[in-house]
Amino acid sequence: MQTPIYKFDPEDYDNVYEPAEDSFLLLDALEDDLEAIKLRQPLICVEIGPGSGIVVTALARALGIGNSHCLGVDINPHACRMTQRTSRLNCCPVEVLNMDLLAGFRDGSVDLLVFNPPYVPTSGEAGQELEEQIGEFSEERHNLVKSWAGGLDGMVVTKRVLRDLQRIISKDGVFYLLLVKENKPLDVIRLLEKNGFTGEILKERKIRGEHLFVIKISRK
């Protein structure tokens with residue numbers, strides 16, 4: 001999976017998370033597991049919070065036009081437009097929805113789910129009101145803090161997705177989630193195993209003071 005072409009205009013840096021080491025680790029993990037993904041023949045593939053759109057665009061290109069329907073959902077309208085731009089630059093059809101997490105999807109509809117969440121443990125202003133992000137579909141400057149600030153344990157937004165996982169994932173669905181060491185990925189896996197899922201660490205990488213993990217989650 002080659003990294004897609006993407007283009008940031010000067011104003012985009014203030015509104016959209018630029019691809020970084022975590023983005024590229026997630027791409028590498030998906031590439032490592034690409035044959036297993038193809039064997040599942042996922043129809044509906046969703047990335048939550050695509051930002052620049054490089055991950056969901058790479059998936060769309062790797063899975064092939066007509067084989068899978070790839071979507072990016074982001075509460076940030078600037079990120080939605082950036083994802084559209086990236087998909088067009090790479091001639092890969094990606095549908096983009098300005099939406100809060102997975103609220104608009106039917107039960108059991110997602111076959112492949114990908115999420116690089118705001119995972120950094122934060123307190124003070126950066127950690128406040130993260131639980132209630134719905135309704136902030138502002139066309140004005142988007143607060144980039146929300147692209148990385150994850151609350152006291154770095155898991156506020158991720159926990160919302162995990163609580164909805166049983167509802168949203170299809171029978172043969174799979175979820176690729178990026179976490180940092182402070183999010184306690186092994187504890188996340190153990191919690192999921194109590195709720196009918198299996199989890200494994202697919203890939204990890206230490207970078208500039210962070211220890212990143214990609215975990216693969218599927219139904220038992």
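A residue counts as exposed when its relative accessible area is over 50% and as buried when that area is under 20%. These terms are applied below to a predicted model.

With a relative accessible area of 65%, cysteine 91 is exposed, because the value is over the cut-off of 50%. The residue lies in the loop that runs between helix 4 (77-89) and strand 3 (95-98).

A relative accessibility of 53% places lysine 184 among exposed residues, because the threshold is over 50%.

Strand 5 leads on to strand 7. Strand 7 spans residues 210-219 and is mostly covered, with 8 of its 10 residues buried. Strand 5 (residues 169-180) pairs with strand 7 in the antiparallel sense over 7 bridges; within this pairing, valine 174 stands opposite serine 218 of strand 7.

Strand 7 also pairs with strand 6 (residues 197-207), and these two strands run antiparallel, joined by 10 bridges. Here glycine 199 stands opposite isoleucine 217 in strand 7. Strand 6 and strand 7 form a hairpin with 2 residues between the strands, and in this hairpin arginine 208 adopts a positive phi near 35 degrees.

How values were computed: Residues numbered from 1 in each chain as written. Predicted model: local features only at pLDDT ≥ 70, side-chain atom pairs only at ≥ 80, totals over all residues. Heavy atoms only, no water. Buried < 20%, exposed > 50% of the residue type's maximum accessible area, 1.4 Å probe, protein only. Helix = DSSP H or I, 4+ residues; strand = E, 2+ residues; numbered from the N terminus. Pairing = 2+ DSSP bridges.
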